[in-house]
Amino acid sequence: MDLRPSSRPPARRPSRAATLLTADGERVSAAYDAPRAAASPTTAFAVSHGFTGGWRRPDNRAIAAALAAYGPVVSYDSRGHGRSSGVTTLGDAEVLDLDAAVR
């Protein structure tokens, strides 16, 4: 797996960046990409970066931009990553990060 920074230019800036609060009090850095005109009014996406670093990386921005053609997209940095608070729990408490993004 290549973890070097991507040489791809960012796909597009998010419509809005925000900080979400999880049920256990962690602050989660998130981005919102508004849907494009042809998007479905009933489909939405929550994108977690996994092992790829965070929502600001060009590759992850490209994913969010592509999904925005089909509906609104919330991308976020899991706890302990990017600008989110806390430390990783290797999946145990990260479900609370996803819950905050979906809400």
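Two strands count as paired if DSSP finds at least two bridges between them. In this predicted model, pairing of that kind gives an open sheet of four strands in the order β1-β2-β4-β3, with mixed pairing. β1 (16-21) and β3 stand at the edges with a single partner strand each, so one side of each has no neighbour in the sheet. From one strand to the next, the twist averages 30 degrees. The points below go through the sheet, the helices, the nonpolar core and the salt bridges.

**The sheet**

- Strands of a sheet pair through backbone hydrogen bonds, and the pairing may be either parallel or antiparallel.
- β2 and β4 pair in the antiparallel sense over four bridges; Asp33 stands opposite Val73 in β4, and Tyr32 stands opposite Val74 in β4.
- Strand β3 (residues 45-48) and β4 run parallel and are joined by four bridges, with Val73 in β4 as the bridge partner of Phe45.
- Along β4, Val73 and Ser75 point one way while Val74 and Tyr76 point the other way, and all of them are buried.

**The helices**

- β3, α1 and β4 together make a right-handed β-α-β unit.
- α1 packs on the sheet, where α1 touches β2, β3 and β4, and the direction of α1 makes about 165 degrees with that of β4.
- The buried residues of α1 are Pro58, Asn60, Arg61, Ala62, Ala64 and Ala65, and these buried residues pack against β2 and β4.
- Asn60, which is found in helix α1 (residues 58-67), has a relative accessible area of 8% and is therefore buried; leaving out residues up to four places away in sequence, Asn60 touches His49, Thr52, Gly54 and Trp55.
- Helix α2 (residues 94-102) lies across β1, β2, β3 and β4, and runs at about 150 degrees to β4.

- In soluble globular proteins, nonpolar side chains tend to be buried together.
- The largest nonpolar core here has five residues in all, namely Val28, Ala30, Val74, Tyr76 and Ala101, and β2 (27-33) and β4 (73-76) each supply at least two residues of this core.
- When neighbours within four places in sequence are set aside, the contacts of Val28 include Leu20, Tyr76, Ser84 and Asp97.

**The salt bridges**

- The count of salt bridges comes to six.
- One of them joins the side chains of Arg61 and Asp33 (2.7 Å, N to O); this pair links distant parts of the chain, with Arg61 in helix α1 and Asp33 in strand β2, 28 residues apart, and both Arg61 and Asp33 are buried.
- The side chains of Arg56 and Asp77 also meet in a salt bridge (3.0 Å, N to O), which links the loop between β3 and α1, where Arg56 lies, to the loop between β4 and α2, where Asp77 lies, 21 residues apart.
- Arg56 counts as partly exposed because its relative accessibility is 33%, whereas Asp77 counts as buried at 1% relative accessibility.
- A salt bridge joins the side chains of Arg79 and Asp97 (2.9 Å, N to O); Arg79 lies in the loop between β4 and α2 and Asp97 in helix α2, so the pair ties together parts that are 18 residues apart in sequence.
- Arg79, at 3% relative accessibility, counts as buried, and Asp97, at 0% relative accessibility, counts as buried too.
- Salt bridges that share partners join Asp24, Arg79 and Asp97 into one network.

Key: Residues are numbered from 1 along each chain as its sequence is written. This is a predicted model: local features need pLDDT of at least 70, side-chain atom pairs count only at pLDDT 80 or more; totals for chains, interfaces and linings use all residues. Side-chain values use heavy atoms; hydrogens and water are left out. A nonpolar core is a set of buried Ala, Val, Leu, Ile, Met, Phe, Trp, Tyr and Cys residues joined through side-chain atoms within 4.5 Å. Buried means under 20% relative accessible area, exposed over 50%, partly exposed in between (1.4 Å probe, protein chains only). Contact means heavy atoms within 4.5 Å. A crossover is right-handed if, with the strands pointing away from the viewer, the path from the first strand over the helix to the second runs clockwise. Axes are lines fitted to C-alpha atoms, for helices over the stretch in contact, and angles run from 0 to 180 degrees between N-to-C directions. A salt bridge is a side-chain nitrogen of Lys or Arg within 4 Å of a carboxyl oxygen of Asp or Glu.
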